[in-house]
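Work through the following exercises with the coordinates open beside you, and follow each solution step by step.

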Amino acid sequence: ENYVDATEKVLSYATKLVFSSNFVRDDFERSFKSFKKQIFVRPQGIYLKNAFDGKREEAREMLRVRLGLEKSAKIILGCGSACLKKGVDLFFEVASQIYAENKDLEYHFVWLGEWDLSLRSDLIKIAKEKGYYNKLILIDFEDDPSLFFAGADVFLLPSRQDPFPSVVLNAMDCGVPVIAFDKSGGSSEILAQRQGAVVPYLDVVSMKRE
């Protein structure tokens, strides 16, 4: 709330601005055209240390034991505040489509993060009605989620808007491929260059196919 007034106050004192991605910079310039001072793009770093660097097979086995899954199970990971902005409902929809297409696939969709409880209840109800609830694993966020990143097969970023999520960098650091929507934030800029795929914005079918 009142972010425009607050931003304009900051701009009255600023001599330079630094953004984490071109996406954020471009959106800012559209909103605050009057700011003509120097603007830089400097991608952020990683906050989470990869505790399984060079030990991904060990992490894969440990994660499946923890989740009670077979060694052959494939894990699709999502992470962040479980809200509509982060696209947790679209994460569920991808799971629904994959399950509807082939009920025998050993794909398990794991979401790691804090929940909007009313949204969680609604999505679980739908998942049970459609028969894919047993493919979902919902876990509250942990202080050290490196086991989940290193042990996953794919990281799914279904965010509708996410300026530059560090979780993408965490997944990439663990060697896990990432799938995200185009034009949803800065992550598509790095995924277009390496270790991932970008699909059309909010195109759940394309995300499922990828």
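A charge is taken to sit over a ring if NZ of Lys or CZ of Arg is within 6 Å of the ring centre and within 35 degrees of the ring normal. The model used throughout is a predicted one.

**Exercise 1.** Determine which ring arginine 120 lies over and which ring lysine 128 lies over.

Solution. Begin with arginine 120, which is placed over the face of tryptophan 115, at 5.6 Å from the ring centre. Then turn to lysine 128, which lies over the face of tyrosine 133, where the distance from the ring centre is 5.0 Å.

**Exercise 2.** Classify the aromatic pair of phenylalanine 19 and phenylalanine 28, and then the pair of phenylalanine 91 and tryptophan 111.

Solution. A pair of aromatic rings is described by the distance of the centres and the angle of the planes. Searching the whole structure gives 7 aromatic pairs. For phenylalanine 19 and phenylalanine 28, the centres are 5.1 Å apart and the planes stand at 45 degrees, so this pair is tilted. Both of these phenylalanines are buried, and ring pairs link Phe19 and Phe28 with Phe32 into a cluster.

In the next step, take phenylalanine 91 and tryptophan 111, whose ring centres are 5.0 Å apart with 75 degrees between the planes, an edge-to-face arrangement. Because phenylalanine 91 lies in helix 4 and tryptophan 111 in strand 4, the pair ties together parts that are 20 residues apart in sequence. Phenylalanine 91 and tryptophan 111 are both buried.

**Exercise 3.** Describe the largest pocket by its volume, its lining residues and the elements that supply them.

Solution. The volume of the largest pocket comes to about 230 Å³. The lining is made up of 17 residues, of which Ile76, Tyr107, Val154, Ile179 and Glu210 are the closest to the centre of the pocket. Sorting the lining by class gives 12 nonpolar, 1 polar and 4 charged residues. Finally, assign the lining to elements: those that each supply at least two residues include strand 3 (74-79), helix 4 (88-101), strand 4 (107-112) and helix 9 (204-209), and strand 6 (154-157), strand 7 (178-181) and strand 8 (196-199) also belong to this list.

**Exercise 4.** Decide whether serine 206 is buried or exposed, and state which residues it touches.

Solution. Locate serine 206 in helix 9. Its relative accessible area is 17%, and since buried means under 20%, serine 206 is buried. Leaving aside residues up to four places away in sequence, serine 206 touches Val199 and Pro200.

Key. Residues are numbered from 1 along each chain as its sequence is written. This is a predicted model: local features need pLDDT of at least 70, side-chain atom pairs count only at pLDDT 80 or more; totals for chains, interfaces and linings use all residues. Side-chain values use heavy atoms; hydrogens and water are left out. On a 1 Å grid over the protein atoms alone, a cavity is a set of points where a 1.4 Å probe fits but cannot get out, and a pocket is an open set with protein on both sides within 12 Å along at least five of seven lines; lining residues have an atom within 4 Å of a point. Grid points are joined across faces, edges and corners, and a volume is the space filled by probe spheres set on the points. Helices (H or I, at least four residues) and strands (E, at least two) are DSSP runs, numbered from the N terminus. Ala, Val, Leu, Ile, Met, Phe, Trp, Tyr, Cys and Pro count as nonpolar, Asp, Glu, Lys and Arg as charged, and the others, Gly among them, as polar. Buried means under 20% relative accessible area, exposed over 50%, partly exposed in between (1.4 Å probe, protein chains only). Contact means heavy atoms within 4.5 Å. Rings of Phe, Tyr and Trp (its six-membered ring) pair if their centres lie within 6.5 Å; planes under 30 degrees apart count as stacked, over 60 as edge-to-face and the rest as tilted.
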